Amino acid sequence: MKILRYLLIFVPISIIGEFLHLSPTLMFVLAALAIIPLAGLMGEATEEIAFYSGPRIGGFLNATFGNATELIIAFFALKAGLFEVVKASLAGSVIGNILMVLGLSMLVGGIKYKSQSFNKKSIEVSSSMLLFAVIGLTVPAIFTHTVASDLLNTRYEGLSVIVAVIMFSIYLLSLYFSFYTHKDIYFVEHDEDAVSKWSLKKAITVLVGATVLIGIESELFVSAVEPMTQAVGLSEFFVGIILVPIIGNAAEHSTAIVMAYKNKMDVAVEIAIGSSLQIILFVTPVLIFLSLIFTPMSIVFNEFELVALLFAVFIANRVASDGESNWLEGVQLLAVYLIMAVSFFVL
């Protein structure tokens, strides 16, 4: 969205602020405000490249870069050893996409239209895979409570890597399923009159530049998390599960809401559920693999994260069951998200 471009002023401000040694709380805010428009630019550049690459490669690029900002922020948090923030941000992304983004999309679209329909078949496939993915995350958590503590440390790393390999393999198979063997299920009507606004060279340059700047801002952002939480009195868990997902996915969230307002509920629902699926099957395994370079991170989520994930995924499956949405369903999803957010804040 063009309005996000105005926030780009915070990119140089945050970098200057780092040299001036501003307070961690202010640096946290400045870096967050800088990341939001950069994520929007990355998404826009990816869409422009899709005009030149064709729908298949374009779809793959959109899927790959859809959560790139989240992945970059999590990587720097991983490097800093903030494992609980990383895992909370992953859980928070899924919860936020399904409850907040989908809820806002249904509410905004439902205010303009009495009811909206979406591709029931494709969403059912995605929501079913999402349920499988969450079950895959639940099993290691059960393992930690049933195995003796002296065996736990020796098996943690191996279990996490094995689960990550299985999930990543399913992610690759899902791409093959959606782009080749069952691409008819995912067919979306394209606007034939749409033309690219940028040249291919400009799109690639913007994509690379935005990625580099997000990397710089993410490092500033992550380095301010611990001192900021101590100064303000917030828990790192709340920052990870609520604030980081909102900051990292703000541009994508706004796109889903705009699509719903334009009565393109197919796109809005796919952004919410598809992005959640990619977080678990792609981003989580990649972070597990990357953690082996530094300190291995387990794939075990805490009880609060797992319960919230399970509730969110069951709701996603319920929403997909009829292929229609209205404003009241949006309000219900938002109410559940607010209840969870307040509970996490108190926790």
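**Close-up views of a predicted helical model**

Of the protein's 347 residues, 49% are buried (under 20% relative accessible area, with a 1.4 Å probe and protein chains only). This is a predicted model, in which local features need pLDDT of at least 70 and side-chain atom pairs count only at pLDDT 80 or more, while totals for chains, interfaces and linings use all residues. Numbering starts from 1 along each chain as its sequence is written, and side-chain values use heavy atoms, leaving out hydrogens and water.

**View 1. The overall fold has 14 helices and 2 strands.** Take the contacts (heavy atoms within 4.5 Å) with a separation of 6 or more: 85% of them link residues 24 or more positions apart.

**View 2. Helix α5 (residues 83-112) packs on helix α13 (residues 303-320).** Their axes sit 10 Å apart at an angle of about 30°; axes are lines fitted to C-alpha atoms over the stretch in contact, and angles run from 0 to 180 degrees between N-to-C directions. That makes α5 roughly parallel to α13 (the term covers angles under 35 degrees). On the α5 side, the residues in contact include Ala91, Ile95, Leu99 and Met106. Among those that α13 brings are Leu309, Ala312, Ile315 and Val319. Sorted by class, this contact has 15 nonpolar, no polar and 3 charged residues. Here Ala, Val, Leu, Ile, Met, Phe, Trp, Tyr, Cys and Pro count as nonpolar, Asp, Glu, Lys and Arg as charged, and the others, Gly among them, as polar.

**View 3. Phe221 and Leu287 touch the most other members of the largest nonpolar core.** This core has 110 residues, and a nonpolar core is a set of buried Ala, Val, Leu, Ile, Met, Phe, Trp, Tyr and Cys residues joined through side-chain atoms within 4.5 Å. Helix α12 (residues 265-291) supplies the largest share, 15 residues. Setting aside neighbours within four places in sequence, Phe221 is in contact with Phe28, Ala31, Ala32, Ile35, Ile73, Val244 and Ile247.

**View 4. His21 has a positive phi, near 55°.** Most residues other than glycine have a negative phi. Look for His21 in the loop between α1 (10-19) and α2 (24-53). His21 counts as exposed (over 50%), because its relative accessibility is 68%.

**View 5. Asn263 also has a positive phi, near 65°.** This residue belongs to the loop between α11 (250-261) and α12.

How values were computed:
Helices (H or I, at least four residues) and strands (E, at least two) are DSSP runs, numbered from the N terminus. Angles under 35 degrees count as roughly parallel, over 145 as roughly antiparallel, 65 to 115 as roughly perpendicular and the rest as oblique.
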